[in-house]
Amino acid sequence: MSKAKTVDTQLAIRTALLAGKLLIENGSNMDRVNDTMERIAAAAGLTSFQGFTTLTGVVASAEELPNAQVVAIHDRANDLNKVALVNGLSRKFSAGRLSLKQFYRQLRKIQHENDMMAVAWQCLSAAILSAVLMIVFTGDYHDAPVDFVIGGVSYGTFLLLNHLFRIKYLGEFVASLIIGLLSSLAFKLHWATNIDTLIIGAVMPLVPGIPLTNAMRDLVSGNLISGPTRAIEAILTAAAIGCAIVIVLRYV
């Protein structure tokens, strides 16, 4: 193997690893991660690519190289915009519209971009979602303005705690406590007519819908490491939300 070929092979492996890392970090299911990495390797001309993906790291090697490359994954979020960007770039690369170096540079750019919505917009979105879903699930629209406020405040607390502390499930637990307390306060002050509908609407932005969906998809596609792991994470998140609500309803 020539030196140039070795360099291209290493770059192709690094590119596939970076794409897989970005997909996992931003909420993609493992089947998509594996398929994207294999397509990148095939488009780069690697003939014997092997990849192993988990929620905490990705290992890859090709062309019978003696050493595999590894990337660790420490943080995960649900930024589906980045997932779409990586998929779009991989399609362009597979179609020959991007060189390998251009593809790698674009992935590095995505990695260092923080294109999540501003905190205020996230809180506003959560507030709107809380009010709308309360109406959808319960049919009660009288308490929607109150639930709008509760949903926005609780989600802002969730984002703040996730930013300040690296403790999983703490944000969901405290945010749910605030939902319960504010719902109880609004009911006692006669600002709302039903505490249950307030809680149902306000907790919906915290419900782990994407992790649970990905867990089921991973299990169906045969990923027996990431599937159960994601399912356990989703269950623990739901337990944190439920425990906080029960504590408030029991003692307040």
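Trainee: Is Glu25 buried or exposed, and what is its relative accessible area?

Mentor: Let's start with the general idea. A residue counts as buried under 20% relative accessible area, as exposed over 50%, and as partly exposed in between (1.4 Å probe, protein chains only). Glu25 has a relative accessible area of 16%, so it is buried. This residue is found in helix H1. Leaving out residues up to four places away in sequence, Glu25 touches Ile73, Asp75, Arg76 and Ala77, where contact means heavy atoms within 4.5 Å.

Trainee: What should I know about the model itself?

Mentor: It is a predicted model, in which local features need pLDDT of at least 70 and side-chain atom pairs count only at pLDDT 80 or more, while totals for chains, interfaces and linings use all residues. Residues are numbered from 1 along each chain as its sequence is written, and side-chain values use heavy atoms, with hydrogens and water left out.

Trainee: Where is confidence lowest, and where is it highest?

Mentor: pLDDT is the predictor's confidence in each residue, from 0 to 100. The chain averages 91, and 96% of the residues score at least 70. Helix H1 (residues 3-25) has the lowest mean, 84, whereas helix H7 (residues 170-188) has the highest, 95.

Trainee: How many helices and strands does the chain have?

Mentor: Helices (H or I, at least four residues) and strands (E, at least two) are DSSP runs, numbered from the N terminus. Here there are ten helices and three strands, and along the sequence they follow the pattern α-α-β-β-β-α-α-α-α-α-α-α-α. The C-alpha trace spans about 75 × 30 × 30 Å along its principal axes. Of the 252 residues, 44% count as buried.

Trainee: Which residues touch the most other members of the largest nonpolar core?

Mentor: A nonpolar core is a set of buried Ala, Val, Leu, Ile, Met, Phe, Trp, Tyr and Cys residues joined through side-chain atoms within 4.5 Å. The largest one has 32 residues, and Met37, Phe49 and Leu107 touch the most other members. Two or more residues each come from H1, helix H2 (30-43), strand E2 (57-61), helix H3 (80-94) and helix H4 (100-112). H1 gives the largest share of this core, ten residues. Beyond its neighbours within four places in sequence, Met37 is in contact with Ala16, Leu17, Gly20, Phe49, Thr53, Val58 and Ala60. A second, separate core of 22 residues includes Ala131, Ala186, Ile199 and Ala202.

Trainee: How many residues of helix H8 are buried?

Mentor: Seven of the nine residues in H8 (residues 195-203) are buried, among them Ile195, Leu198 and Ile199. The buried residues of H8 pack against H5, H6, H7 and helix H10 (226-251).

Trainee: Which residues form the nonpolar patch on the surface?

Mentor: Patches are made of residues with over 30% relative accessible area and no salt bridge; like charges are joined within 9 Å, nonpolar side chains (Val, Leu, Ile, Met, Phe, Trp, Tyr) within 5 Å. A salt bridge is a side-chain nitrogen of Lys or Arg within 4 Å of a carboxyl oxygen of Asp or Glu. Accessible areas come from the Shrake-Rupley method with a 1.4 Å probe; for residues, only the protein chains shown count as cover. This patch consists of Trp121, Leu124, Ile128, Val132, Val136, Phe137, Phe148, Val149, Val153 and Ile200, with about 910 Å² of accessible area together. Helix H5 (119-138) and helix H6 (144-164) each supply at least two of the residues, and H5 has the largest share, six. Trp121 lies in H5 and is exposed, because its relative accessible area is 54%.
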